[in-house]
Amino acid sequence: MKPIFYALLLTGAVSCGKAADSTNNNTNNATTNNATTNNNATNNNETNNNATNNNATNNNATNNNATNNATNNATNNGVGGWVPASSACAGSKTNAIWFDDRNNGYAGCGEGADGYGFFKTVDGGMNWTEVFDFESLRINDITRVDGTLYLAGIRNPGGGSAFKVADDNGTLSYTVMFTPSNNAFNSVAQAENIAVQADGSVLVDSLTGRSATLVAANGDVTETSTLHEDAIADPDTTSSFQVRRVRPAATGFMGVGSTINEPAQFMAPSALPGATFHMHPVELQESFESGELLDFWTWSPTKMLLVGWNQTTNANRSPLIFRLDGTDPAVAANWKKVNLRAQGIEYEGGAYALAVNGDKTVVVGTKFPSSQGGFVLHSVDAGTTWTDITPGPDKPVELSNAWYFANGDIYVAGGGYKGFVYRAN
């Protein structure tokens with residue numbers, strides 16, 4: 001079992017139901033200690049509204065386990081506050097997470113020094129266990145489409161960068177989707193992302209380069225040195241960009257990313273004849289600026305949200321957020337940059353990931369300098385306005401991934417086995 005750390009609880013939304021039950025199962029020791037010391041923590045919580053007998057400081061003094069007591073108190077009371085959770089990853093990041101429901105999810109830690117393995121939780125991220133026979137995989141992305149779980153990363157030894165997971169009555173196994181060629185310019189030896197189209201075609205992009213691989217619905221494999229639409233007319237083009245996140249579009253694929261010392265880019269699906277995986281770059285910053293977009297969400301082809309880092313020298317480097325609402329994403333002027341400082345969020349930092357539940361959105365990242373720790377931003381209007389919900393007074397770790405559950409709960413994770421849960425109870 002991984003160490004347990006802290007999680008976030010906010011008030012005023014939907015009941016947690018079975019999520020609270022699963023958390024209690026993982027904190028039986030704390031519950032027992034509370035019952036012994038405080039004459040049943042649950043009754044005390046209901047009677048005293050988590051004020052008198054379940055104070056975390058008193059629990060810590062009595063049971064020498066404030067972390068577990070905080071989990072028990074918050075779960076039973078359903079009141080606002082930070083409570084413990086954990087991350088599967090020992091390194092600086094949690095690269096990939098996916099949840100099938102409020103309790104059952106998966107994680108990968110591919111970029112970390114100790115990044116091998118595939119991990120599963122059955123209690124909503126409170127605890128993680130390693131899945132047997134996946135020890136040779138580094139996982140950077142996870143998605144499920146039409147019941148099939150897909151992984152992107154690398155297998156070492158053995159090769160392979162994209163995988164399908166099978167579940168035989170709870171026993172998980174995987175198959176390699178394709179074998180990368182020996183062409184260093186075109187092949188994807190280690191994948192960063194995987195996107196699955198409605199027709200079953202799969203696009204995998206490289207973690208360390210600009211290449212990508214398309215696996216068509218019929219199984220045909222196409223390797224390319226670039227996703228740039230210039231490759232339609234000239235497969236040997238040097239036009240390229242570094243894709244950091246790819247997603248399926250209504251037709252083809254789209255992505256976000258950058259090139260070094262150039263403006264942040266949205267990669268719209270190419271409208272040119274012959275386009276399959278090809279993308280059209282749309283620069284969203286001024287020509288003298290530089291930035292990198294790391295994640296995005298699409299509510300529709302004309303409603304999107306992009307997040308990342310402003311890397312412009314001698315500039316205000318607030319987390320980079322762009323909105324699109326009802327207009328063509330291939331036109332740069334249609335994108336609106338969010339001014340966080342005007343909304344009272346004044347620190348500098350960069351956003352790693354976002355997660356969405358309807359129009360509610362959470363963004364996680366790290367502040368500048370990184371010694372200031374991570375941050376959590378929350379929006380209820382598809383990214384128009386934002387509230388800082390970063391826990392305090394202690395600085396959280398740098399946060400690199402997030403999931404927004406249908407019941408309003410939020411899971412966020414960083415490295416060092418540290419994660420946070422927000423229960424909207």
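1. Basis of the note. Because the model is predicted, local features are reported only at pLDDT of at least 70 and side-chain atom pairs only at pLDDT 80 or more, whereas totals for chains, interfaces and linings use all residues. Residues are numbered from 1 along each chain as its sequence is written, and side-chain values use heavy atoms, with hydrogens and water left out.

2. Salt bridges, and the pair D100 and R144. A salt bridge is taken here as a side-chain nitrogen of Lys or Arg within 4 Å of a carboxyl oxygen of Asp or Glu, and by this rule there are nine salt bridges. One of them joins the side chains of D100 and R144, with 2.7 Å from N to O. D100 sits in the loop between β3 (96-99) and β4 (105-108), while R144 belongs to strand β7 (residues 137-145), so the pair ties together parts that are 44 residues apart in sequence. Strands, like helices, are DSSP runs numbered from the N terminus (strands: E, at least two residues; helices: H or I, at least four). With buried meaning under 20% relative accessible area, exposed over 50% and partly exposed in between (1.4 Å probe, protein chains only), D100 is partly exposed at 36%, and R144 is partly exposed at 27%.

3. R244 forms a salt bridge with E192, where the closest N and O atoms are 2.8 Å apart. Since R244 lies in strand β15 (residues 242-248) and E192 in strand β11 (residues 191-196), this pair ties together parts that are 52 residues apart in sequence. Both R244 and E192 are buried. The side chain of R244 also meets that of E292 in a salt bridge, at 2.8 Å from N to O; E292 is in strand β19 (residues 291-300) and R244 in β15, so parts 48 residues apart in sequence are tied together. E292 is buried as well, with a relative accessible area of 15%.

4. Surroundings of H378. H378 is found in strand β25 (residues 374-379) and counts as buried at 13% relative accessibility. Its side chain makes a polar contact with the side chain of Y404 at 2.7 Å; a polar contact is a pair of N or O atoms within 3.5 Å, where within protein one must be able to donate a hydrogen and the other to accept it, and residues adjacent in sequence count only if both atoms are side-chain atoms. Leaving aside residues up to four places away in sequence, H378 touches K360, T361, T385, W386, T387, I389, Y404 and I410, contact being heavy atoms within 4.5 Å.

5. Two strands pair if DSSP finds at least two bridges between them; β11 and β12 pair in the antiparallel sense over five bridges, with D205 as the bridge partner of N193. These two strands form a hairpin with five residues between them, and G200 in the turn has a positive phi of about 95 degrees. On the other pairing, β12 and strand β13 (residues 212-215) are antiparallel over four bridges, and A212 in β13 is the bridge partner of D205.

6. The largest pocket. This pocket has a volume of about 630 Å³ and is lined by 28 residues, of which W98, T143, R247, W297 and W403 lie nearest its centre. A pocket is, on a 1 Å grid over the protein atoms alone, an open set of points where a 1.4 Å probe fits, with protein on both sides within 12 Å along at least five of seven lines, and lining residues have an atom within 4 Å of a point. The volume is the space filled by probe spheres set on the points, which are joined across faces, edges and corners. β3, β7, β11, β15, β19, β23 (349-357) and β27 (399-404) each supply at least two lining residues, and β7 gives the most, with five.
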